[in-house]
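Keep it brief and point to the residues.

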Amino acid sequence: MPLIQHACPRCGVELANFVATACGECQRHPPQFDSAHIPYRYAPPLIPFITGLKFHARLAEARFLAELFLSSLPATLPLPECLIPVPLHSQRLRERGYNQALELARLLSHRLNVPIENHIVQRQLHTQPQSELSGDSRRRNMRHVFQLKASAPYRHVAIIDDVVTTGSTVNELARVLRQAGVENIQVWAIARAKTTLAGVSRIEI
């Protein structure tokens with residue numbers, strides 16, 4: 001599997017060499033979340049497993065992907081108080097029939113004995129799928145898409161998603177959680193997709 005050897009500890013973007021501090025982009029424009037653990041590159045042979053889960057209802061792929069993620073999790077990484085899967089809008093949930101981030105979170109929750117919190121934040125806007133957009137459009141597409149439903153009685157949480165590309169989705173969700181008083185926000189995802197100066201690399205979508 002395409003394991004990322006060196007990554008920014010803040011945003012999880014792949015780097016050519018090891019760095020102990022955040023990458024230059026995170027230093028210039030710090031994300032709303034504190035750290036990211038994204039162990040794999042979104043590349044063959046991993047892509048069919050992720051797209052099979054996300055777009056083709058092959059829910060059995062979630063177990064394989066969760067096991068891959070768990071095998072990469074450092075023993076010293078502090079566990080969060082809860083897992084928050086990136087929510088889908090109700091319309092997309094009806095169309096797809098499931099939330100791939102929630103499927104992953106259920107397996108991680110069972111193995112790590114960390115509860116899932118699925119009721120704090122809702123997706124209030126039905127937006128165009130991120131996979132159809134370029135980098136800048138992804139950021140605009142995510143503005144004010146999430147809304148708090150309830151207070152967040154947690155200091156440390158992990159956002160769960162399948163793939164992070166520009167980070168726009170998880171960053172906007174983290175912004176809302178930060179407003180709710182969450183102090184430490186991790187991002188856990190299976191893979192990190194490449195971006196280019198013009199937007200999202202076509203091979204990665």
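Phe 64 has a relative accessible area of 31%, so Phe 64 is partly exposed. Buried here means under 20% relative accessible area, exposed means over 50%, and partly exposed lies in between (1.4 Å probe, protein chains only). Phe 49 is partly exposed too, at 25% relative accessibility. This is a predicted model: local features need pLDDT of at least 70, side-chain atom pairs count only at pLDDT 80 or more, and totals for chains, interfaces and linings use all residues. Residues are numbered from 1 along each chain as its sequence is written, and side-chain values use heavy atoms, leaving out hydrogens and water.

How many aromatic pairs does a search of the whole structure find? There are 2. Rings of Phe, Tyr and Trp (its six-membered ring) pair if their centres lie within 6.5 Å; planes under 30 degrees apart count as stacked, over 60 as edge-to-face and the rest as tilted. Phe 49 and Phe 64 form a tilted pair, with 4.5 Å centre to centre and 40° between the planes. Phe 49 lies in helix α2 (residues 47–56) and Phe 64 in helix α3 (residues 60–72), so the pair ties together parts 15 residues apart in sequence. Helices (H or I, at least four residues) and strands (E, at least two) are DSSP runs, numbered from the N terminus.

Phe 69 and Trp 188 also pair: their ring centres are 5.4 Å apart and their planes stand at 40°, so this pair is tilted. Phe 69 sits in helix α3 and Trp 188 in strand β7 (residues 184–192), which puts them 119 residues apart. Both Phe 69 and Trp 188 are buried.

Now back to α2. Its buried residues include Ile 47, Ile 50 and Leu 53. Among the elements that cover the buried residues of α2 are α3, α5 (100–112), β6 and β7. After α2 comes Ala 57, with a positive phi near 60°.

Strand β6 (residues 156–164) holds Val 157. Is Val 157 buried or exposed? Val 157 is buried, because its relative accessibility is 0%. Beyond residues up to four places away in sequence, Val 157 touches Pro 80, Cys 82, Ile 84 and Leu 177, among others. Contact means heavy atoms within 4.5 Å.

Cys 82 is itself buried, with a relative accessible area of 1%. Cys 23 is buried as well, at 12%. The structure holds 0 disulfides. A disulfide is a pair of cysteine sulfur atoms within 2.5 Å. The closest cysteine sulfur to that of Cys 23 is in Cys 26, 3.7 Å away, so it is too far for a bond.
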